[in-house]
Amino acid sequence: MSTPAPGDGGDAVPDLARRLHAALGAAGGTVAVAESLTGGLLAAELVDVPGASRTFRGSVTAYATDLKESVLGVDGGLLAAEGPVHPRVALQMAEGVRRLMGAVYGVATTGVAGPDPQDGRPVGTVHLAVVGPGGSAVSSPVLSGGRATIRRKAVAAALELLQDQLGLPAGAHGGAPAGPGPRAGDGEERGVDGEERDRAGKDREGAGRHRNG
């Protein structure tokens, strides 16, 4: 299930990263990230915040498809059937990095930044996931712009998804989360199965092809 594309993020991203660290610190939480199309940009935004070491556990840039399986534990059958750009791949990446790093929250990004489509997925297809103690959330925005712009927008959207999972209202100041984040299956997560059914036929034509996501 796709959601409308967010804005570019721009100057709001560093402020959002600061607020997320403050909220995580107040709650005794930590975060780790697994990245594919963003290639380390998400981790860079998080570590750019002074004092990030108190709440940021680490990151994995699993750009190659086989690393998603061997390092993060993404199901090999899923990768063979659907390729690396899929909402369940993002979810399993988030689960894997959370487990690997011993973090309270895991965040993941995968998608097609361009300039060419991949395994039948058009440029701008992005899947993001957050996994935490309150459950999981998956978002699939369709992003526009050039390669660099899509990657920046994906970073902003991933931070916003973590913000939602922490229960922080948009634009909130740092501090304790307002309440528990959305649980697995609330809204976006349910869309994964529907998307698989809708796209099963056409997506199978790319089965078995492993490329970078």
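Asp119 is buried, at a relative accessible area of 7%; buried means under 20%, exposed over 50% and partly exposed in between, with a 1.4 Å probe and protein chains only. Asp119 sits in the loop between β3 and β4. Its phi is near 50°, a positive value in a residue other than glycine. Most residues other than glycine have a negative phi, and most peptide bonds are trans.

This is a predicted model, in which local features need pLDDT of at least 70, side-chain atom pairs count only at pLDDT 80 or more, and totals for chains, interfaces and linings use all residues. Residues are numbered from 1 along each chain as its sequence is written, and side-chain values use heavy atoms, leaving out hydrogens and water.

**The β3–β4 loop**
- Pro115 also belongs to the loop between β3 and β4.
- A cis peptide bond links Gly114 to Pro115, with omega about 15°.

**Strand β3**
- Helices (H or I, at least four residues) and strands (E, at least two) are DSSP runs, numbered from the N terminus.
- Seven of the seven residues of β3 (residues 105-111) are buried, so the strand is largely enclosed by the rest of the structure.
- In a regular strand, side chains alternate between the two faces of the sheet.
- Both faces of β3 are covered: one side carries Tyr105, Val107, Thr109 and Gly111, the other Gly106, Ala108 and Thr110, and all are buried.

**Pairing of β3**
- Two strands pair if DSSP finds at least two bridges between them.
- β1 (residues 31-35) runs parallel to β3, joined by five bridges.
- Ala34 has Ala108 as its bridge partner in β3.
- β4 (residues 126-132) runs antiparallel to β3, with six bridges.
- Gly111 stands opposite Val126 in β4.

**Helix α5**
- The 15 residues of α5 (residues 87-101) should span 21 Å at 1.5 Å a residue, and the end C-alpha atoms are 21 Å apart, which agrees.
- The expected span is 1.5 Å times one less than the number of residues.
- Buried residues of α5 include Val89, Leu91, Met93, Val97 and Met101.

**Whole chain**
- The chain holds seven helices and five strands.
- Along the sequence the pattern is α-β-α-β-α-α-α-β-β-β-α-α.
- Of the 213 residues in the chain, 52% are buried.
- Among contacts (heavy atoms within 4.5 Å) between residues at least 6 apart in sequence, 71% join residues at least 24 apart.
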